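Take a look at the chain below.

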Amino acid sequence: MAVLIAVVTCNGEATIGRTLKAALALDADAPVLVIDNASMDATIAVVGGMENPRIRLNRNDENLGVGAAFNEALRHAKTMGAEWLMLLDQDSEPAADALAVMREAALDPGDAGSRTSMRVAALFPTVRCRSHPDVIHYPMDWTGAGFSAVIPEEGQDVPGRLPVDTAISSGALYRVAALDAIGGFNEGYFIDFVDHECHLRLKNAGFGLWWVRGAEIRHDLGRIQKRTDSGLWIEHAPFRYYYMARNMIRGYWHFGGMRALWGLIGEMRGHIRRLRENSADAEACIAALRLGVVHGILGKTGKHPSCMRL
């Protein structure tokens, strides 16, 4: 089960060193490919300072987006003949046994009802918030009108492997042939919703996706995580709200039509209220979100020309 571990980074000097150390500990032989999307900080120096022959660096002259970087990793995996591709964000730290646990699950998908006959295309670890380790970012199922978190009931006898529809891509282990069969990741989405769109296409193509509960990584979603009376508040930079809104509009419409789109608009209104309650940069975030909605309706894709200034 040859595997390529790929780490996608852009201005990740603060965390890339820890991520690479964790990646190297996953497997004594697996190569680690760092794909740098035109970092302007000391990311390249940190990677070079690791001085490990298993680390290979590919540096893009411009930020091509997450989807393009994922597809670059997929091409490298195919070239080296790897059966599996593990993707990591620049600020994710997998447990040392995470890859081994998912590999075992890939060989024996277990009993999970009607989905056992599906070909295993992706395995997702348990993702814990690094800043607040008691918080889990659960995988989700697609209901046809939106996403529903897969949260086992307390005290429930739950198998170690559960069929799910999607989860975040960081820490995921993908079968290279399955990604290749659906044409890889959607580069037009650029940065957000790239993972969920890909996973729903895998599902629609008849592949199986699994949550491997015993494999764990630590990962912080967003730029801010803080406790509030209503739970953990996660906040993104304004430019991320643009891509999140734009790509979710397109994705919800594609996979669920007007019913899903109407529900999404309601969720966005609720998030705008929470931004005004919790964010010091609320108006900039809301302006970017609203522009993303407009561009999603208009069918725009790719990188917004002024995305970093949103």
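Predicted model: local features only at pLDDT ≥ 70, side-chain atom pairs only at ≥ 80, totals over all residues.

Confidence comes first. The mean pLDDT of the chain is 92. Of its residues, 93% reach 70 or more. One stretch to treat separately is residues 111–118, where the pLDDT is below 50. In the model, this stretch has 12 contacts beyond near neighbours in sequence.

Now the backbone. Most residues other than glycine have a negative phi. Glu 51 has a positive one, near 50°, and is not a glycine. Where does Glu 51 sit? Glu 51 lies in the loop between helix H2 (43–49) and strand E3 (55–60). Is Glu 51 buried or exposed? Its relative accessibility is 70%, so Glu 51 counts as exposed, the cut-off being over 50%.

Phe 193 also carries a positive phi, about 70°, and is likewise not a glycine. Phe 193 is placed in a loop too, here between helix H5 (176–181) and helix H6 (194–204). Its accessibility class is another matter. Phe 193 counts as buried because its relative accessibility is 8%, and buried means under 20%. Glu 51 is exposed, whereas Phe 193 is buried.

Strand E13 spans residues 224–228, and strand E14 spans residues 231–235. How do E13 and E14 pair, and over how many bridges? The pairing is antiparallel, over five bridges. One of the partnered residues is Ile 224, whose bridge partner in E14 is Glu 235.

Conventions. Residues numbered from 1 in each chain as written. Heavy atoms only, no water. Helix = DSSP H or I, 4+ residues; strand = E, 2+ residues; numbered from the N terminus. Buried < 20%, exposed > 50% of the residue type's maximum accessible area, 1.4 Å probe, protein only. Pairing = 2+ DSSP bridges. pLDDT = per-residue confidence, 0-100. Contact = heavy atoms within 4.5 Å.
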